[in-house]
Amino acid sequence: MGHANYDLSVQPTVLTVPGLGGSGPAHWQTLWERSRPDTSRIELGMWDRPHRNSWVTKIDQAVASARAPVILVGHSLGCIAVAWWASMSPQPYGWPVAGALLVAPADVDRAGVAAELAPFAPCPKAPLPFPSIVVASTDDPWVTIDRAHSLAVDWGSHFIDYGAHGHINAASGLGQWPEGMELLDRVIAAAGGPHGEVRTPGDARAILSRRAGGDRRPHA
């Protein structure tokens, strides 16, 4: 792949990708943006009437203009937008996007899906070209736990069943969500080694699968 000029020893740029309606002031994504100097939001626009290709273009522009490596942090429909970006903007494994934390992915393929989500169907099934974690809740109204697990398998992501926490958003009462921060740190650790090397997919998976505070029930 020719990673000789890639330097993953530098601090990654963390870019949040909110879902439908954006993330409000009490959402953990917003709180991370305010508290972490390495974190900022991709302003996707059209938050209430999202357009798939426009969102993918905004992600592409943000990744291109950021200092690599980049870690994407998606929530809900933002997770699906990340998958579409990876499908439409191929990259070498681990660069410039070095990893992703994908939380509560919305199910855009289910019957009766909201009109705002339908343009993002069908959800891409291709493995993501970077290490990733998918986190889902057992009582999320936007996706069943089994469907979320299926998405994680398609994307080659490590899956975490987070228990009953709704849509894992502001209404879930998570505040700054310190357990999510731990998972973000795990993604960052899986992305690059101490000497700037891109980790192999196998090494990355081993790091992502380490049990920690954010894990609840293991999945295969």
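**What I am looking at.** This is a predicted model: local features need pLDDT of at least 70, side-chain atom pairs count only at pLDDT 80 or more, and totals for chains, interfaces and linings use all residues. Residues are numbered from 1 along each chain as its sequence is written, and side-chain values use heavy atoms, with hydrogens and water left out.

**Fold.** I found six helices and six strands. Both are DSSP runs, numbered from the N terminus (helices: H or I, at least four residues; strands: E, at least two). Along the sequence I read β-α-β-α-β-α-β-β-α-β-α-α.

**Burial and contacts.** I checked burial (under 20% relative accessible area, 1.4 Å probe, protein chains only). Of the 220 residues, 54% count as buried. Next came contacts (heavy atoms within 4.5 Å). Among those with a separation of 6 or more, 79% join residues 24 or more positions apart.

**Helix H6.** Which residues of H6 (residues 201–208) are buried? I listed Ala204, Ile207 and Leu208. Seen down the axis of H6, they fall within an arc of 95°, so they line one face of the helix. The arc is that of the directions from the helix axis to the C-beta atoms. An α-helix has 3.6 residues a turn, so residues three or four places apart point the same way. The buried residues of H6 pack against strand S5 (132–136), strand S6 (158–161) and helix H5 (178–191).

Definitions and conventions:
Buried < 20%, exposed > 50% of the residue type's maximum accessible area, 1.4 Å probe, protein only.
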